[in-house]
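Welcome! Here is a short tour for anyone meeting this protein for the first time. Please have a look at the sequence and the model before reading on.

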Amino acid sequence: MKIFFMFVAAAFGAMAPTQAGVNMKLRSYMGDPVLAAFVSFTVGTLLLLSYALLARMDWPSVSELAKGPWWMWTGGFMGAFFVASAVIVAPVLGAGTMMCWMIAGQVVASIILDHYGLIGYAVREVSPQRFLGAVLVVVGAVLVKKF
């Protein structure tokens, strides 16, 4: 089952530079990266809302939602920052360099989140091999940018 999820992760990873390119084109018609990100989020929000309504999902009450930690609401902020930043950065760096630095940031952050078991992740301590893997990703990002 893990192999399936690895392929799913690779598939949505492949969508990141594609999404940035699509949103870059949207920016050229909207005239502003934030407006392009807003339109992109609106389309995604409408799609997710439609799915939730068609699937007749049970919505939690406001009191249930209030029981969660405050930081669970920051995912939307991070998503908006991600999409808007990609729209701004993609035309400057290109897809390859942008993605390499995005992945480098993701790997470093992931190792820290795992090591300390933050925001619900199980503790997976940093080993020398995992640290070396993160260093190699950063080195790869430098090489892609340089050449």
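## A first stop: Asn23

Leaving aside neighbours within four places in sequence, Asn23 is in contact with Ala36, Ser40, Val83 and Val87. Asn23 itself is found in helix α1. Is this residue buried or exposed? Asn23 counts as buried, because its relative accessibility is 5% and the cut-off for buried is under 20%.

## The model and its confidence

What you see is a predicted model. The average pLDDT of the protein is 94, and 100% of the residues score at least 70.

Which element has the lowest mean pLDDT? Among the elements, that is helix α1 (residues 2–30), with a mean of 92. Helix α2 (residues 33–54) has the highest, with 96.

## The overall picture

Let us step back to the whole chain. The protein has six helices and zero strands, and reading along the sequence gives the pattern α-α-α-α-α-α. The C-alpha trace spans about 45 × 45 × 30 Å along its principal axes.

How much of the protein is buried? Of the 147 residues, 15% are buried. The accessible surface comes to about 11000 Å², and carbon and sulfur atoms account for 75% of that surface. Among the contacts with a separation of 6 or more, 56% are between residues 24 or more positions apart.

## The largest nonpolar core

Which residues form the largest nonpolar core? This core has seven residues: Ala16, Ala20, Ala86, Ala90, Met98, Met99 and Met102. The elements that give two or more residues to this core are α1, α4 (74–93) and α5. Helix α5 gives the most, with three residues.

Ala90 is one of the core residues. Not counting residues up to four places away in sequence, Ala90 touches Ala20, Met24 and Met98.

## Asp114 in helix α5

Helix α5 (residues 95–116) is also the place of Asp114. Is Asp114 buried or exposed? With a relative accessible area of 10%, Asp114 is buried, because buried means under 20%.

What does Asp114 touch? Setting aside neighbours within four places in sequence, its contacts are Tyr121, Ala122, Val123, Arg124 and Arg130.

Our last stop is helix α6 (residues 128–146), where Lys145 lies. Leaving aside neighbours within four places in sequence, Lys145 is in contact with Thr97 and Trp101. How far is Lys145 from Ala20? The two are 125 residues apart along the chain, and their C-alpha atoms are separated by 18 Å. Ala20 is also a member of the largest nonpolar core.

Val135 lies in helix α6 as well. At 33% relative accessibility, Val135 counts as partly exposed, because this class falls between the cut-offs of 20% and 50%. Val135 and Val34 are 101 residues apart in sequence, and the distance between them in space is 32 Å, C-alpha to C-alpha.

Methods
Residues numbered from 1 in each chain as written. Predicted model: local features only at pLDDT ≥ 70, side-chain atom pairs only at ≥ 80, totals over all residues. Heavy atoms only, no water. pLDDT = per-residue confidence, 0-100. Helix = DSSP H or I, 4+ residues; strand = E, 2+ residues; numbered from the N terminus. Buried < 20%, exposed > 50% of the residue type's maximum accessible area, 1.4 Å probe, protein only. Contact = heavy atoms within 4.5 Å. Areas by Shrake-Rupley, 256 points an atom, 1.4 Å probe, with all protein chains shown as cover. Core = buried A, V, L, I, M, F, W, Y, C linked by side-chain atoms within 4.5 Å.
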